[in-house]
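Subject: Structure handover

Hi,

Here is the structure I promised to pass on. Have a look at it first, and my notes follow below.

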Amino acid sequence: MDHVAVNPWVGLAYLIAGVCFILALRGLSSPASSQKGNRYGIIGMTIAVVTTLVTHVPITLNESYVAVAGRTVSAIIPGDIDWISVVEILAAIGIGAAIGITTARKIAMTDMPQLVAGFHSLVGLAAVLVGCAAYLNPEAFGIATLMVPMIGQPVAIIAPVSRIELGLGVAIGAITFSGSVIAFLKLNGNMGGKPIMLPGRHVINLAVLAGILGLIAYFTQDQDAWVFWTILGLSFVIGFLLIIPIGGADMPVVVSMLNSYSGWAAAAMGFTLHNSAMIITGALVGSSGAILSYIMCRAMNRSFISVIAGGFGAESGGGGAAAATDRPWKRGSAEDAAFLMSQAEQVVIVPGYGMAVAQAQHVLREMGDKLKAEGVRVKYAIHPVAGRMPGHMNVLLAEANVPYDEVFELEDINSEFAQTDVAFVIGANDVTNPAAKTDKTSPIYGMPILDVEKAKTVLFIKRSMGGVGYAGVDNDVFYMDNTMMLLADAKKMVEDIVKA
């Protein structure tokens, strides 16, 4: 079936939507402009969805076959509007909107990483379902086909280019879905944060990936059902295999990479459906996610290629430090911490996932305000992978109205710890662990860290000495002479410090 030329007004609407998406990404690059970026994104998506709905109103289709150059070719003749389908589409939109609004209102910031992973899985699953529907009924999706008589029954032969688009779309979508499900389970605590290493995993992964690519190439020559469904099945498997070897400390990069995968899946389906809005949106999400992943890999001293291949966590459980009960450490109180910080010239606050769990960002800002009122310089140090997803700490601090000019990234603040009187660490373990520089057996070895141990005094808040970070290793900072441990719920401890 020949492709129908795109209405110029539809192309213009999709172009405007694409510009809005670009402005959205630009706005989301800074906390100060993030709300404006979100508004641009909403406007762009509204334009794209409304345009697609208006130009693709379901109609009844009458199919007939005509002879062209000696071959039987399908011809689709439009009929009346299919109001039952319209109602079904609107009902589906309503149900999805209700679920999204309810989730957005109820979700806690501490659960945001697993929510993002869950949404990525839905994008991947959507790409898979659209691909499957297009394969089973290509004429309804406007895919170029040739009707060939087979045992008295015309069979739709999909154009080779469309088969490549279909194969890549369902493969990337399936990888995104199964990988995101594993990421969700790890982030949500249903699976352990330690890497799960399968024997010969690299050989298995390469074999499965090669099999998928080989089958997609073969799919251009033979569109039998077994080829398509085997591609789909292997893709689900490789998504699972790529993510389970990755440890908890590397999970922010995984979330970023899955975001990129979901974009490429959407773009591939956009080519299949001849929808320029999906192509633009998918390409923007895919490329921006890949760039963010590359930046984070540099921040963690990881290989970008190894992220794509999967299994870039530790080769083993790692050495780790001795148990807390075997090593001497100093315990402090809220009064001790209040006195030390009030006498300091500069305090650098290092937030981590423990702050997010305790929801201590608001009282932390209050403590910072009190210190500034006493003439103390207060800065916040953010590690690129602090928390469970990119920008997790920045979002929490912005929610608490911490001034943007007081928040510094690792490369901008690390040199100041040697001249800092107090490093106040609240729930950040792995990103302050010197084992990343000294212990080659550690799962986090090679990851740049915040050099809090160089400060004159380190105040370290955690619930107990028995706990370890998400990577599953102890932190030598706990036992250093200049460290004072503040063992309590993070929010309760900061509240007591503020009172003191």
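To start with a detail: which residue of β7 does A381 stand opposite? The residue is F408.

Before the rest, some ground rules. This is a predicted model, in which local features need pLDDT of at least 70 and side-chain atom pairs count only at pLDDT 80 or more, while totals for chains, interfaces and linings use all residues. Residues are numbered from 1 along each chain as its sequence is written, and side-chain values use heavy atoms, with hydrogens and water left out.

On confidence, the mean pLDDT (the predictor's confidence in each residue, from 0 to 100) is 82, and 83% of the residues reach 70 or more. Watch residues 313-324, where the pLDDT is below 50, although this stretch has 28 contacts in the model beyond near neighbours in sequence (a contact being heavy atoms within 4.5 Å). Where pLDDT is low, the predicted coordinates should not be read in detail.

Now the overall picture. There are 17 helices and 10 strands, taken as DSSP runs numbered from the N terminus (helices H or I, at least four residues; strands E, at least two). Of the 500 residues, 47% are buried, meaning under 20% relative accessible area with a 1.4 Å probe and protein chains only (exposed is over 50%, partly exposed in between). Among contacts with a separation of 6 or more, 74% are between residues 24 or more positions apart.

Back to the strands, where a pair needs at least two DSSP bridges between the two strands. β6 (residues 377-382) runs parallel to β5 (residues 346-351), with four bridges joining them, and V347 stands opposite V378. β6 also pairs in the parallel sense with β7 (residues 407-409), over three bridges. Five of the six residues of β6 are buried, so this strand is largely enclosed by the rest of the structure.

Then come β8, β9 and β10. β8 (residues 422-426) and β9 pair in the parallel sense over five bridges, with A423 opposite V458. β9 (residues 457-462) is in turn joined to β10 by five bridges, again parallel; here L459 stands opposite M484, and F460 has M485 as its bridge partner. In β9, T457, L459 and I461 point one way and V458, F460 and K462 the other, and all are buried. β10 (residues 483-487) is also largely enclosed by the rest of the structure, because five of its five residues are buried. Both of its faces are covered, with T483, M485 and L487 on one side and M484 and L486 on the other.

As for the cores (sets of buried Ala, Val, Leu, Ile, Met, Phe, Trp, Tyr and Cys residues joined through side-chain atoms within 4.5 Å), the largest has 78 residues, and M341, M367, F424, I426 and I497 have the most contacts inside it. A second, separate core of 30 residues includes V253, V385, I413 and V431. Leaving out residues up to four places away in sequence, I497 touches A334, A337, A338, M341, M367, F424 and L486.

Last, helix α8 (residues 251-273). 18 of its 23 residues are buried, so α8 is largely enclosed by the rest of the structure. Its end C-alpha atoms are 33 Å apart, which agrees with the 33 Å that 23 residues should span at 1.5 Å a residue (the expected span is 1.5 Å times one less than the number of residues). H274 follows α8 and has a positive phi, near 55°.

Cheers
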